[in-house]
Amino acid sequence: MTNLGTLIGGMGTGTVRERLCESGGMPSVQTLSEGDRRLVAAWAADCAERVLPLFEAENSDDDRPRDAIARARAFSHGDLDAAGEIRRRFVANRAAQEVRSPAAKAAARAAGQASGVAHMGAHALGAAAYAAKAAALSTPGGGAVETAWQIEHMSGPVREALRNLPRLGEDRSGPLGPGLLASGELGRNIRALQAALTQHP
């Protein structure tokens, strides 16, 4: 176990909270409560499921993305626990390596992000971002249409839960930190979603 005095004394860059989160000393703000994770898991599963046909059209024999979405739904209903899902959260992402088209890869990653919500609530925005990217890659203007659908289908409780997440790129203790989800099209998609959260009650 990390000694708190040692951790703070040797911090270097980063805040105390960030370093504690990284060391396992406290949960990341991007985790959300288990109740909020169960809420947003269902929405993330809905987002990923809408683009699942893009993956299955190329590899209908690989059921890993579909299974990941089903597990996200089961977690949202309380049928699966977080610990078991944390161990399985990367399974659907591996399916992205078995397809060739960028749209199919993004669809598989959307499913992987949805299954990751059991571990960390911020993955819900990742699922939505990859789903919008998959839609954009498959149809001109599809990304904007998908993001609009995602915003429209956030329930009030889901909106409230997602508002508890930090803005993209501001917190290093999870997937919304500076990195893959903060860059390019994925970053634009998440910023659009977070902007909508500030505009709707």
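In which helix do E160 and R163 both lie, and how many residues apart are they? Select helix 10 (residues 156-163): both residues are found there, three residues apart, or about one turn of the helix. Helices, like strands, are DSSP runs numbered from the N terminus (helices: H or I, at least four residues; strands: E, at least two).

The model on display is predicted, so local features need pLDDT of at least 70 and side-chain atom pairs count only at pLDDT 80 or more, while totals for chains, interfaces and linings use all residues. Residues are numbered from 1 along each chain as its sequence is written, and side-chain values use heavy atoms, with hydrogens and water left out.

**Stop 1: helix 10**

Display the side chains of E160 and R163. They form a salt bridge whose closest N and O atoms are 3.1 Å apart. The term denotes a side-chain nitrogen of Lys or Arg within 4 Å of a carboxyl oxygen of Asp or Glu. E160 counts as partly exposed because its relative accessibility is 45%, and R163 does so at 30%. Buried means under 20% relative accessible area, exposed over 50%, and partly exposed in between (1.4 Å probe, protein chains only).

**Stop 2: salt bridges from helix 3**

By the rule above, the count comes to eight salt bridges. Select E146 and R50 next; their closest N and O atoms are 2.6 Å apart. This pair links distant parts of the chain, with E146 in helix 9 and R50 in helix 3, 96 residues apart. Is E146 buried or exposed? E146 counts as buried because its relative accessibility is 6%, whereas R50, with a relative accessible area of 38%, is partly exposed.

Then select E56 and R66, another salt bridge, with 2.8 Å between the closest N and O atoms. Here E56 of helix 3 is joined to R66 of helix 4 (residues 64-76), ten residues away. R66 is partly exposed, at 39% relative accessibility. Finally, select D46, E49 and R73 together, which are linked in a network of salt bridges.

**Stop 3: where helix 8 meets helix 9**

Display helix 8 (residues 123-138) and helix 9 (residues 142-152). Their axes come within 6 Å and cross at roughly 145°. Axes are lines fitted to C-alpha atoms, for helices over the stretch in contact, and angles run from 0 to 180 degrees between N-to-C directions. On the helix 8 side, the contact is made by A128, A131, A132, A135 and A136; on the helix 9 side, by G142, G143, E146, T147 and Q150. Contact means heavy atoms within 4.5 Å. By class, the contact has five nonpolar, four polar and one charged residues. Ala, Val, Leu, Ile, Met, Phe, Trp, Tyr, Cys and Pro count as nonpolar, Asp, Glu, Lys and Arg as charged, and the others, Gly among them, as polar.

**Stop 4: single residues**

Select H123 in helix 8. H123 is buried, with a relative accessible area of 13%. Its contacts, leaving aside neighbours within four places in sequence, are Q113, G116, V117 and P175.

Move to E152 in helix 9. E152 counts as exposed because its relative accessibility is 61%.

End at L32, in the loop between helix 2 (16-23) and helix 3 (34-56). L32 is not a glycine, yet it has a positive phi of about 70°. At 11% relative accessibility, L32 counts as buried.
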